[in-house]
Amino acid sequence: MTDHKRYSDSELTKMIHSAGLRPSVQRIAVFSLVANSKKHPSADDIFSELAAIYPSLSRTTVYNSLHALVDAGLVRGLEIDCGNRHYDLAPQPHHSHFICRQCGRIFDMAIPSGIGAAASPGFCVDSVDVYFKGSCPDCVGRS
Ligand SMILES: [Zn+2]
Ligand SMILES: [Zn+2]
């Protein structure tokens, strides 16, 4: 999970296609940014990075592409940062996230795979989100 795979445009195109979406240039660009950056970007982060490359790209297109990718199960939204949704590649081993209260960076964290079994008897778990908050190694002791 920590060694980071880089997805080529043709791999991303194939994934978008097999999820039943039309692989438009914008969708591939948005998906590539989410899949290949380890930064868990927000929609604004994605827009500002892509606007530098595609000057005609609108914020609405970025939002629409993200919604389509989330609906198709390729990208998932993280609610870790109140009111500011971040995005991560969906098809990857289950993991949790840590947000640093000081620098705002979001890190992947491993969690025990059987954590869903902690649910009360009678409940059927199909999704678990665990968020950690605190200071990252770079910021510990810096406050
Ligand atoms: Zn930090
Ligand atoms: Zn992640």
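Two strands are said to pair if DSSP finds at least two bridges between them. By this criterion strands E3 and E5 (residues 131-134) pair, as four bridges join these parallel strands. The structure shown in all views is a predicted model.

**Figure 1. Overall architecture of the predicted model.** The protein contains four helices and five strands, and the order of its elements from the N terminus is α-α-α-α-β-β-β-β-β. Its C-alpha trace spans about 45 × 45 × 30 Å along the principal axes. Of the 143 residues in the protein, 20% are buried. When contacts between residues at least 6 apart in sequence are considered, 49% of them join residues at least 24 apart.

**Figure 2. Domain 1 and domain 2.** The protein is divided into domain 1, covering residues 9-89, and domain 2, covering residues 96-134. A distance of 22 Å separates the C-alpha centres of domain 1 and domain 2. Contacts between the domains involve five residues of domain 1 and four residues of domain 2. On the side of domain 1 that touches domain 2, two residues are nonpolar, two are polar and one is charged.

**Figure 3. Helix H1 and its buried side.** Helix H1 comprises residues 9-18, of which Leu12, Met15 and Ile16 are buried. These residues lie on the same side of H1 because they cover an arc of only 100° around the axis. In general, an α-helix has 3.6 residues a turn, so residues three or four places apart point the same way. The exposed residues Ser10, His17 and Ser18 are carried by the face of H1 turned away from its buried side. Helix H2 (25-36) is included in what covers the buried residues of H1. Just after H1, glycine 20 adopts a positive phi of about 90°.

**Figure 4. The largest nonpolar core.** This core has 18 residues, and those touching the most other members are Val30, Phe31, Val34, Leu66, Leu69, Leu74 and Val75. Two or more residues are given to the core by each of H1, H2, helix H3 (43-53), helix H4 (59-71) and strand E2 (86-89). H2 supplies the largest share, with five residues. Leucine 66 touches Val30, Ala43, Val75 and Tyr87, when residues up to four places away in sequence are not counted.

**Figure 5. Histidine 40 in the loop between H2 and H3.** Histidine 40 is located in the loop between H2 and H3. Although histidine 40 is not a glycine, its phi is positive, at about 50°. A residue counts as buried if 20 or more other C-beta atoms lie within 10 Å of its own. Histidine 40 has 20 such atoms within 10 Å and is therefore buried.

**Figure 6. Strands E1 and E2.** Strand E1 (75-78) and E2 are antiparallel and are joined by four bridges. The bridge partner of glycine 77 in E2 is tyrosine 87. E2 is covered on both faces: His86 and Asp88 are buried on one side, and Tyr87 and Leu89 are buried on the other.

**Figure 7. Glutamate 79 in the loop between E1 and E2.** Glutamate 79 is placed in the loop between strand E1 and E2. Glutamate 79 and aspartate 45 are 34 residues apart in sequence, and their C-alpha atoms are 16 Å apart in space.

Figure 8. The side chains of E3 (residues 96-100) alternate along the strand. E3 is joined by four bridges to strand E4 (residues 106-109), and the two run antiparallel. E3 is also joined by four bridges to E5, and these strands run parallel. Isoleucine 99 stands opposite isoleucine 106 in E4 and opposite lysine 133 in E5. The hairpin of E3 and E4 has five residues between the strands, and in this hairpin glycine 104 takes a positive phi near 80°.

Notes
Residues numbered from 1 in each chain as written. Chains lettered and ligands numbered in written order. Predicted model: local features only at pLDDT ≥ 70, side-chain atom pairs only at ≥ 80, totals over all residues. Buried ≥ 20, exposed ≤ 12 C-beta atoms within 10 Å, placed from the backbone. Arc of directions from axis to C-beta. Contact = placed C-beta atoms within 7 Å. Domains from an automatic or database assignment. Nonpolar A, V, L, I, M, F, W, Y, C, P; charged D, E, K, R; others polar. Core = buried A, V, L, I, M, F, W, Y, C linked by C-beta atoms within 7 Å.
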